[in-house]
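Please work through the exercises below with the sequence and the structure at hand, trying each task before reading its solution.

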Amino acid sequence: MSCLNKRPRRTASEELVFQEKVKKVAQDNGRRIGLEGDSDLHFLLLGGTLVKIRSTNWKKIRFFRLQEDCKTLWHESHKMFKKNQTFSIDDIDSVRMGRQSEGLNKHTDPSEEERCFSIIFKGRKRNLDLMALSGPEAKQWVSGLTKIISNLRNLSRQEKSEHWIINCMRKADKNEDSKMNLKELKHFLRQVNVEVDDIYAEEIFKTCDKSNSGSLEGSEIKHFYDLLTQREEIDVIYRNCAQTEGEMSAKDLLNFLRHEQREQATMEDAFKLIEKYEVDGTAKQNKHLTKDGFLMYLHLEEGSILNPAHKHVYQDMSQPLNHYYISSSHNTYLMEDQLKGPSSTEAYIKALMKSCRCVELDCWDGANGEPVIYHGYTLTSKVIFRDVIKAIKDYAFKTSDYPVILSLENHCTPDQQKLMAHHLISILGDALVTKPLRSTMPTNFPSPEELKGKFLVKGKRMNKLDTAFTNTSTIEEDTVSEEDEAADCKENDGQKAKSKKSKIKLAKELSDIVIYCKSVHFNGFEHAKDNQAFYEMSSLKESKAFNLADTSATAFMHHNMDKLSRIYPAGSRTDSSNYNPVPMWNVGCQIVALNFQNTSKEMHINQGRFLQNGLCGYVLKPEFQRSLSSQFDPNTLIKGPWLKKKTFHVMVISAQQLPKLNKDKHKSIVDPLVRMEIFGVPADCASKETHYIDNNGFNPMWNESFQFNIQVPDLAMLQFVVEDYDSTSQNDLIGQYCLPITSVQNGYRHVPLFTKRGNVICSAGLFVHLMLTDAL
């Protein structure tokens with residue numbers, strides 16, 4: 001492995017120049033991302049040789065190096081048409097030290113543990129499994145990349161914007177002379193997603209070229225940058241509010257907070273904001289907020305559309321488990337479609353890292369007596385049950401401390417069920433709930449707070465829960481009906497069950513660890529009310545659940561006040577598409593399971609629903625969905641405490657730094673429009689959109705106002721969708737953001753944008769004015 005030491009060949013003088021360049025870049029860009037003089041950053045900029053691993057027999061030596069922008073990783077490639085490849089640091093989800101990926105665990109020896117690491121990407125991109133020459137070198141790669149990822153994510157929106165613009169300028173400087181001629185300026189403008197005609201480009205250039213040298217440098221580039229990034233709309237707002245010698249005094253700021261932002265602010269709050277955001281020492285001493293400080297305030301969390309208090313767990317978490325919506329995944333093991341796609345432990349990790357709190361495990365007999373997980377009766381690949389449980393244990397509580405439900409769809413023989421129970425108990429240990437929390441028979445669910453750090457098993461149980469207190473059951477195995485979802489899958493595959501309800505043999509060891517989530521067949525609301533205990537729950541396919549929500553909404557809601565309900569997609573959704581979760585939440589269903597691997601609008605709505613309450617995966621249902629006296633029906637809206645009629649005013653002012661969709665086309669510029677959608681009870685659902693703007697993704701301005709009437713704000717959600725208009729085909733998604741109406745802040749707010757996969761687009765966003773008022 002001595003060839004790992006190889007680096008690009010340079011002469012001694014070239015190496016000296018390269019080292020000096022790296023040192024300068026480490027200082028300049030290191031300062032911008034908070035890593036000035038960092039040894040790990042310097043190490044990454046120099047680069048090094050690693051072994052790229054895809055299989056036991058495919059292990060290739062490749063040179064990797066962080067590029068000068070400190071945001072792009074370059075590596076050599078031996079592909080015919082792609083000798084060099086790059087990927088953005090923004091595309092990295094995490095970096096894992098050791099043999100922590102399926103690939104490294106399978107294709108490397110345990111003795112190589114300390115030299116291995118994996119780069120895990122967002123979305124469906126394959127992990128990059130790598131091996132360094134030594135353990136310390138591997139640690140330095142992981143440490144350096146982790147620092148950069150963390151620091152870039154923690155930059156303010158304004159800092160991200162500046163970093164992005166400066167890097168675009170550097171790329172436009174083709175001859176690297178730290179100057180910008182007219183041709184390079186035009187190239188830069190296209191990079192930042194704005195198309196201007198030649199005359200306008202020349203005017204900007206002449207305005208900034210004070211020296212008449214034919215190129216911009218130093219202060220001239222700074223002047224150009226200031227012209228480009230000037231926010232006219234912010235200037236207008238600031239001028240109107242700054243009533244004290246051209247600056248905003250603490251009193252001016254307090255008036256702005258109270259009258260424009262509609263906040264219950266005090267003078268002390270105004271002082272705190274000035275202290276936090278003002279950058280000018282003299283202004284701060286005078287308790288003034290300059291325009292730069294005001295812009296910084298608007299860009300950070302106090303100026304965000306999402307109420308900062310809702311970024312943390314703020315709801316009562318001591319209520320019974322069934323009083324919450326629970327972020328839930330269907331067929332969690334699948335990375336792609338439902339017929340032939342891969343199954344992977346990585347799919348569980350990705351779902352859990354998104355705070356999913358209910359994951360599904362379809363369990364089948366495997367070779368060598370080890371149970372496996374895959375989509376039965378299909379060509380999807382298989383993953384070992386034991387490996388899945390290990391992955392779940394490692395990642396379940398990294399983003400949320402609240403309980404995880406393991407929804408078992410059991411197709412195994414009793415012997416392999418016993419092994420499943422053994423793995424669950426031995427791997428999860430004390431975190432697995434194997435008996436009721438109290439010493440007496442419970443009458444309702446424990447709370448998420450009581451179940452922090454715990455795992456609950458959902459599955460078949462051969463007897464009632466009270467036997468856990470009597471120890472009278474001596475049956476080693478019993479016959480029970482199979483899961484409703486399994487029977488539905490057989491129907492969709494054209495297989496006819498021999499009887500109305502197929503049966504499976506259930507091992508006592510697996511049955512005994514099902515405590516609060518016993519699966520039973522649904523026979524109607526009245527039957528459930530009269531015959532089912534609180535811990536007995538049903539899974540309903542979407543068509544049945546939607547029918548019940550349409551015809552028996554109030555009864556469905558009352559059913560969910562006492563019990564849990566799980567809804568799952570139709571078996572016909574072989575492409576892993578999703579149903580609309582909103583009607584299910586409208587009737588109080590808790591476990592509304594979706595295909596997390598899909599990038600659909602439905603997943604965007606799901607992400608919006610669980611954006612609040614600290615992204616913990618649990619959201620407390622409105623009081624009228626928990627009160628036994630409630631007669632709420634989302635379809636008819638009879639008078640009740642749920643009716644809080646509001647008028648929602650939305651003004652879409654502008655957008656900033658929208659990404660280019662077709663980066664391969666040098667002259668491709670987006671034509672953006674903004675659509676606002678309200679989701680909730682049927683009476684509240686609405687959609688309105690702005691006109692599109694030609695060839696400007698950098699700073700498009702709309703200044704268009706809209707109005708929505710909202711009847712049940714406690715269930716309403718708002719989504720902003722930014723699209724690239726196309727007159728001949730379907731518009732392309734640029735970015736989107738969804739959140740509950742109850743989490744929206746009034747006033748002038750910045751709206752971050754997410755990609756179709758739900759990841760933040762670093763420097764992009766909308767600027768809007770919002771006002772939710774009582775309807776007249």
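**Exercise 1.** Which helix supplies the largest share of the lining of the largest cavity, and how many residues does that share hold?

*Solution.* This is a predicted model, in which local features need pLDDT of at least 70 and side-chain atom pairs count only at pLDDT 80 or more, while totals for chains, interfaces and linings use all residues. Residues are numbered from 1 along each chain as its sequence is written, and side-chain values use heavy atoms, with hydrogens and water left out.

Begin with the lining of the largest cavity, which is made by Lys-71, Ile-89, Asp-90, Ile-92, Ile-149, Leu-152, Arg-153, Leu-155, Lys-160, His-163 and Cys-762. Here a cavity is a set of points on a 1 Å grid over the protein atoms alone where a 1.4 Å probe fits but cannot get out, and lining residues have an atom within 4 Å of a point. Next, look for helices (DSSP runs of H or I, at least four residues, numbered from the N terminus): helix 4 (135-154) and helix 5 (157-172) each give at least two residues to this lining. The largest share, 3 residues, comes from helix 4.

**Exercise 2.** Sort the lining of the largest cavity by residue class.

*Solution.* Ala, Val, Leu, Ile, Met, Phe, Trp, Tyr, Cys and Pro count as nonpolar, Asp, Glu, Lys and Arg as charged, and the others, Gly among them, as polar. Under this scheme the lining of the largest cavity divides into 6 nonpolar, 1 polar and 4 charged residues.

**Exercise 3.** Describe how helix 2 packs against helix 4.

*Solution.* Two packed helices are described by the angle between their axes and the distance between the axes. For helix 2 (residues 39-46) and helix 4 the angle is about 105 degrees and the axes lie 9 Å apart, where axes are lines fitted to C-alpha atoms over the stretch in contact and angles run from 0 to 180 degrees between N-to-C directions. Helix 2 is therefore roughly perpendicular to helix 4, a label given to angles of 65 to 115 degrees. By class, their contact (heavy atoms within 4.5 Å) has 6 nonpolar, 4 polar and 3 charged residues.

**Exercise 4.** Which residues make the contact of helix 9 with helix 13?

*Solution.* First take the geometry: helix 9 (residues 232-241) and helix 13 (residues 291-299) pack at an angle of about 115 degrees, with axes 11 Å apart. Then read off the contact, made by Ile-234, Asp-235, Ile-237 and Tyr-238 of helix 9 together with Lys-291, Phe-294, Leu-295 and Leu-298 of helix 13. These residues divide into 6 nonpolar, no polar and 2 charged.

Terms used. 1 Å grid on protein atoms, 1.4 Å probe; cavity = no way out; pocket = protein on both sides within 12 Å on 5 of 7 lines; lining within 4 Å. Parallel < 35°, antiparallel > 145°, perpendicular 65-115°, else oblique.
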